Amino acid sequence: MVFLDARTLGDVDNLQLIEAEGRLDIYDDTPQELLLSRCRGKEVIIVNKIYLGAEILSKLPDLRLICIAATGINNIDLDYSEKHGIEVMNVAGYSTNSVAQSTFTTLLYLIGRPAYYDAFVKSGAYENSGCFTHHGRPFQELHGKVMGIIGLGAIGKQVARIATAFGMELIFHSSSGKNSHPTYRQCTLHEILEEADVLSIHAPLNAQTKNLICYRELCRMKPGAILINMGRGGIVNETDLARALDEDRIAAAGIDVLSQEPVGPNHPLLGLKNPDRIYISPHMAWASIESRACLVKKIAENIISFKQKSEEAQPLRP
């Protein structure tokens with residue numbers, strides 16, 4: 001077995017769960033020129049973001065299982081894998097609490113401006129102000145505001161539960177049309193754009209969601225609205241978002257996922273007239289300590305499950 005990009009998991013202390021299932025070669029990252037040599041002869045490949053296309057897969061006759069250290073599977077040539085009997089197993093449900101918590105970390109940062117008030121005190125401005133309080137950046141309460149969620153899967157539902165605890169009204173839009181809820185009101189895209197005080201995206205990137213939120217959609221939102229994208233880069237057109245923020249079409253945005261990761265130096269969201277209107281985190285909303293440990297555990301469980309199914313046919317080499 002080989003783990004091609006273990007650095008994406010950071011420091012985790014339970015990799016032994018995977019190592020218990022066979023010999024495991026671990027690499028922090030794997031450049032394209034070393035991909036074939038590191039995969040050759042391996043029956044199991046563990047990978048997070050490195051692309052495995054037909055050109056590489058066709059040269060790996062021993063390969064039987066690809067374990068994706070994530071939920072998304074768009075970095076694997078699934079057509080080739082299926083035609084040639086290579087099983088592909090991803091992991092779902094490991095980061096629900098982490099992403100939901102990060103959603104509110106982002107929202108509360110944008111609405112409450114704690115960095116400003118912290119700097120106000122630590123800079124000495126507070127001690128010299130002559131007043132017990134300070135109102136430099138007025139903030140609003142979440143109570144009574146409308147939370148609109150795009151993508152009411154497991155993460156979207158957890159975000160909805162937390163929003164309800166804040167006293168927010170919940171509405172949602174299902175881009176796939178498959179999700180429903182007995183309590184929350186389902187809306188069209190136009191309705192949710194026009195009604196939401198906070199629009200939180202938790203959908204996958206696919207043909208239905210690519211560029212779902214562009215300039216036209218942003219202009220439908222309330223001028224005081226906050227946009228949060230915890231789904232995937234590419235759902236929100238980032239050039240259009242920069243324009244909308246600079247034109248005061250919406251109040252602020254919180255982004256954890258970008259169309260290019262890591263971000264390039266000339267990205268439009270890095271050149272806003274007022275940088276305080278956007279909070280950008282480096283695709284880490286999923287990555288609590290508990291979430292990453294759960295991910296490793298589920299990868300090991302996928303390998304065990306595959307081995308059990310394969311025992312009668314052809315067991316994996318130890």
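This is a predicted model: local features need pLDDT of at least 70, side-chain atom pairs count only at pLDDT 80 or more; totals for chains, interfaces and linings use all residues.
**View 1. Cysteines without a partner.** Let's start with the sulfurs: the model has zero disulfides. As a reminder, a disulfide is a covalent bond between the sulfur atoms of two cysteines. To count as one here, the two sulfurs must lie within 2.5 Å. For cysteine 39, the closest cysteine sulfur belongs to cysteine 67 and sits 13 Å away, so that pair is too far apart for a bond.

**View 2. Helix α2 and its cover.** Helix α2 spans residues 32-39, and its buried residues are Leu35, Leu36, Arg38 and Cys39. What lies over them? The cover includes β1 (2-3), β3 (44-47) and α3 (54-57). Just past the end of α2, look for glycine 41, which has a positive phi of about 85°.

**View 3. Where α5 meets α7.** Two packed helices are described by the angle between their axes and the distance between the axes. For α5 (residues 96-112) and α7 (residues 154-165), the axes come within 9 Å and cross at roughly 45°. The two helices are therefore oblique to each other, and the crossing is right-handed. On the α5 side, the contact involves Thr96, Asn97, Val99, Ala100, Thr103 and Phe104; they meet Ala154, Ile155, Gln158, Val159, Ile162 and Ala163 of α7. Sorted by class, this contact has eight nonpolar residues, four polar ones and no charged ones.

Definitions and conventions. Residues are numbered from 1 along each chain as its sequence is written. Side-chain values use heavy atoms; hydrogens and water are left out. Axes are lines fitted to C-alpha atoms, for helices over the stretch in contact, and angles run from 0 to 180 degrees between N-to-C directions. Helices (H or I, at least four residues) and strands (E, at least two) are DSSP runs, numbered from the N terminus. Angles under 35 degrees count as roughly parallel, over 145 as roughly antiparallel, 65 to 115 as roughly perpendicular and the rest as oblique. A crossing is left-handed if the near helix is turned anticlockwise from the far one by less than a right angle, and right-handed if clockwise. Contact means heavy atoms within 4.5 Å. Ala, Val, Leu, Ile, Met, Phe, Trp, Tyr, Cys and Pro count as nonpolar, Asp, Glu, Lys and Arg as charged, and the others, Gly among them, as polar. Buried means under 20% relative accessible area, exposed over 50%, partly exposed in between (1.4 Å probe, protein chains only).
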